[in-house]
Number of protein chains: 2
Amino acid sequence: MSSIDSLAQEFGRLPGIGTKTSARLVYHLLKGPKVDLHRLATALSDVADRVRPCRVCGSYSDDEVCGVCRDPSRNAKVICVVEEAYEVGAIDRSGMYRGVFHVLGGRLSPLDGVGPEKLNIDGLMSRVGAEEAGAQEAGAEEVILATNASVEGEATAVYVENLLRPFPLRITRLARGIPMGSDLEYVDGTTIAEALAGRREMARP
Amino acid sequence: MSSIDSLAQEFGRLPGIGTKTSARLVYHLLKGPKVDLHRLATALSDVADRVRPCRVCGSYSDDEVCGVCRDPSRNAKVICVVEEAYEVGAIDRSGMYRGVFHVLGGRLSPLDGVGPEKLNIDGLMSRVGAEEAGAQEAGAEEVILATNASVEGEATAVYVENLLRPFPLRITRLARGIPMGSDLEYVDGTTIAEALAGRREMARP
């Protein structure tokens, strides 16, 4: 196989990249300077060589402990639990969260053979229980279960909640409701039902 | 910058890949085995190190002369002229073409500073004129100008046609008309005009 075909095949393995997109990417790189090809190759090798899970939260990092966990301006007593590492960025981009994170690395999904033992739940338990164990590190005051709004995400949240119940902390879940900027006409019935159930008093002027 | 951010930035430089797609690709690769990252990196380096323009047609190849030009089952006397190397594949996939190709490497575009001297036109002239020059290699019998159906593509075709006129060969252009599977309702007026002008007698039963 030619080197062009090999590269097109490798691009084609990536999610959302079909045969045509893959060919377009290869020819785009061929038209540009060679240094671009080498730079992308180096970036890939660097990720393969350097990235590992953060020892504290399980997110990806070049270091043993990730930047978020090392940030002294963050409130380490509020832990937001997410399924995947890329969701950390989504929550951080809201600009409204100054706590830390915990990455489970997936969701409970018996049909796919994913049980609790495959998720980073023990890590969460030791973070939450740190105070009781008399460790220097302070335990948590609040755990926000920010798993996805899917059946598996819900099941995972309920499972983790049950494990957390014995600890003296607030356990919360992200609010459900109508997303900003959407037309009611196009919002599904379940979301509207959740939005009704979670409705709030309007502040009086 | 972390190695993850660097890789996301490199992916983000590719056409059609924005910030979100880029992040999704990075995390997809991180979730998979490291060997996938290394394999993509190697494929990129291989392309950077090996690929060069084919000496005959200007298409990309791992070798001095590309596979199409070396294929003895192809008719080297019919040359299909395209703007870019990736268009070779598009025409070949039709399964109806058994001639060879010539890649111009772009189209005439004065506004972008692309004049005839930046295109691989000299190469085409020497291929077409090979017979007259008394070379072993046979000259062309037909040149199909398959530049794109854009203003620049048309201008390029007319320019090349004028250069080819002195040679004793057929000069053709791809037919214009209604694309297969399309509804007339959605076909633009210029295309319909071209399809009317180029209409053909139906074969009688």
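This is a predicted model: local features need pLDDT of at least 70, side-chain atom pairs count only at pLDDT 80 or more; totals for chains, interfaces and linings use all residues.
Me: Thanks! Which side chain does Arg50(A) meet in a salt bridge?

Reply: That would be Asp46(A), at 3.7 Å from N to O. A salt bridge here is a side-chain nitrogen of Lys or Arg within 4 Å of a carboxyl oxygen of Asp or Glu. Asp46(A) is partly exposed too, with a relative accessible area of 24%. Helices (H or I, at least four residues) and strands (E, at least two) are DSSP runs, numbered from the N terminus.

Me: How many salt bridges over all chains?

Reply: The count comes to 34.

Me: And how many across the interface of chain A and chain B?

Reply: Four. In one of them, Glu10(B) pairs with Arg39(A), the closest N and O atoms being 3.0 Å apart. This pair runs from helix H1 (residues 3-12) of chain B to helix H3 (residues 34-50) of chain A.

Me: Is Glu10(B) buried or exposed?

Reply: Glu10(B) is buried, at 8% relative accessible area, while Arg39(A) counts as partly exposed at 33%.

Me: What about Arg39(B), which residue is its partner?

Reply: Arg39(B) forms a salt bridge with Glu10(A), again with 3.0 Å between the closest N and O atoms. Those two also belong to a salt-bridge network with Arg13(A) and Asp36(B).

Me: Nice. How much area do chain A and chain B bury between them?

Reply: About 4,000 Å², 69% of it on carbon and sulfur atoms. Buried area is the accessible area (1.4 Å probe) that two parts lose on being put together, summed over both. On the chain A side, Ser3(A), Leu44(A) and Tyr60(A) supply 15% of the area buried against chain B, more than any other three residues. As for contacts (heavy atoms within 4.5 Å), 39 residues of chain A touch 39 residues of chain B.

Me: Switching to the largest nonpolar core: which residues touch the most other members?

Reply: Phe11 and Leu44 of chain A and Phe11 and Leu44 of chain B, out of 58 residues. The core is a set of buried Ala, Val, Leu, Ile, Met, Phe, Trp, Tyr and Cys residues joined through side-chain atoms within 4.5 Å. Leaving aside neighbours within four places in sequence, Phe11(A) is in contact with residues including Leu25(A), Phe11(B) and Leu44(B).

Me: Last one: in which sense do S5 and S6 of chain B pair?

Reply: Parallel, over four bridges, with S5 at residues 142-145 and S6 at 170-173. Strands pair if DSSP finds at least two bridges between them. Leu145(B) stands opposite Arg173(B) in S6(B).

Conventions: Residues are numbered from 1 along each chain as its sequence is written. Chains are lettered from A and ligands numbered from 1 in the order in which they are written. Side-chain values use heavy atoms; hydrogens and water are left out. Buried means under 20% relative accessible area, exposed over 50%, partly exposed in between (1.4 Å probe, protein chains only).
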